[in-house]
Amino acid sequence: MRKTWQVVKMFILAGASALILAACGGGGGGTTPAATTISGTAAAGAPIIGSVTIKDSSTPAKTKTVTIAADGKYTVDVSDMTGPFMVRADGYVGGNEYHLYSAGTTADVGGTINVTPLTDLIVANIANTVASNYFESGNFSNLTATELKTESDALKAKLLPVLQAVGVSDSIDLLRSSFSTDHSGLDAALDVIKVTTDPTTNVATIENIITQQQMTSNIATGTYTGALTDTTNVATGMTDIQSISAGFKQFSDLFATSLPSETNATLRGLFDSATFLDQGQNLDSFLSEITTDKEMIGISFTNISIQSMDVAKGTATVAFTVLENGKVSLDAPVAFYMIKKNGKWYMQGDQYIVGTDIEPVAEYHVTSATPQIITGIRFNIEDRGGLNVTKAVVKGTGLPVDGVTLINNVAYDEFQIQSQNQTFGNLYPLADADIAKIADTGEPYTVELYIGTSTTPAATYTEKLVKRPYLSTELTADSFPKVTSPTATELYALLGTNADINDSITWTLPSGLTNDWLSVWVGDNAGNTARFEAGLLPTETSRSLVLSPVTSTGQRFTITWGNIWLGAHDSYGRQLGISMNAWQ
């Protein structure tokens, strides 16, 4: 049908052109419309999820920003801009943040300018400084097409054996050749070749992750040392990468419109049950959880990025992007392990012995006292595998020199900060002065885990914040979700009773926030508690619940305190929650 329509359209256009030419007295006098856009692909082993900004050479400089499509493609109208241009891609690949640069001249208008780790290195070698400095300085008005081609060709020559091994033509233009993010061609090369730049030493390291061969570029002088010549197992590695990506596609398809059974053969066939471990859970526990969680419906795992691979041993680590109902979740694991058995790749989980998550959190506390806003870092640690992990110590910027110690509180199913007000639980409040010390993105924190009475860590993990916590001065009561029912007065009315609570919680969200979690607790002064918890769907504004204040032996207790906690998160995954408290 589509081909038929195209043929008809061609005849219509041809006829229209003939009429125009006839009206003009035949040939001559026609003009070709001027090109007005620059397009390309923004990728780093997978499409970058984010935006592209183009900056021109006019004074003052003009900039335009567009969203990158799911396949990494972008297009910007530059008809009112002046070349040369600098291009910046900002976003995430596999949960890791990227800011990559590229460049072009007026001659590139109507054509392609890619943005990848390789184009970033090309620009840096021309500028003799990290590419971000070149972009910010605006001092690129003398950039020429010859400079771009010379540096592009110089880098290609150093990478050519690897490029050829993954099927890239010798004539490839790293800056301008169009490519698709399908783990083939230039995209396959970006799977294999990783670039890291040290802004302090001005040295970039380029590595073939399959062979571990490295070369360097001194961007201060624009000179290379070494070349990537070893192609051992590269072709096999590319086939493996495509197989791994296909496995995650299968996983996503199973959750596209419904929840599969935890015994689903296709689902279980994606995992290695003998070695699987994820957030402290074995495979049975993991599958039982994800196949009963309605939040998993519509979830997908995409933009698979290979972090490391040993083809000979049949092992790999990957990162990926999680989409929840079409929105990016920045809560994906730092690394997900893979193992190859009998020619097939299987998932092994993140291999963490406990559930571990460190997140920036802001809470609005509504109590009988003056409402207050608390901002800081929450340490979500759970001994989900029952390994008798008794203590965790978290260290990093803004925290005490010796770190923050958390003790496994079995009654609450989580670790809580030692010797801290129970109101905050596992949230460590930070003053604005301490938050100001934290990097805006990517700040690392280490988590040391101790089993029993041992003084030697059983495991140590590094977690990175996607975004620093909010400063208290950046927030007001209107920044948080608002519980519209029950009111604070109605919550207080529960105190002194022991009847079942059969109610609905309703709320509203500020623009830009997405639902996260709802928790309702009641308890007495003897330590008895009853709790309702639920993960929330993005569009929910109410949830019904039934809560019975009974002890573990089935005896009714009189409620002396109650709490409603409603959480949401912003586009960076920072949690903003409201805590309504009532105490007798």
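A polar contact is a pair of N or O atoms within 3.5 Å; within protein, one must be able to donate a hydrogen and the other to accept it, and residues adjacent in sequence count only if both atoms are side-chain atoms. This is a predicted model, in which local features need pLDDT of at least 70, side-chain atom pairs count only at pLDDT 80 or more, and totals for chains, interfaces and linings use all residues. Residues are numbered from 1 along each chain as its sequence is written, and side-chain values use heavy atoms, leaving out hydrogens and water.

**Exercise 1.** Find which backbone nitrogens the side chain of D524 reaches.

*Solution.* Start in the loop between β26 (514-523) and β27 (529-535), where D524 lies. (Strands are DSSP runs of E, at least two residues, and helices are runs of H or I, at least four, numbered from the N terminus.) Next, a polar atom of the D524 side chain lies 3.0 Å from the backbone nitrogen of A526.

**Exercise 2.** Decide whether S454 is buried, partly exposed or exposed.

*Solution.* Look in the loop between β22 (444-451) and β23 (459-464) for S454. Buried means under 20% relative accessible area, exposed over 50%, and partly exposed in between (1.4 Å probe, protein chains only). S454 has 34% relative accessibility, so S454 counts as partly exposed. Its side chain also reaches the backbone nitrogen of T456 at 3.1 Å.

**Exercise 3.** Work out how many residues of helix α5 are buried.

*Solution.* Go to residues 185-192, which form α5. Seven of the eight residues there are buried, including L186, A188 and V192.
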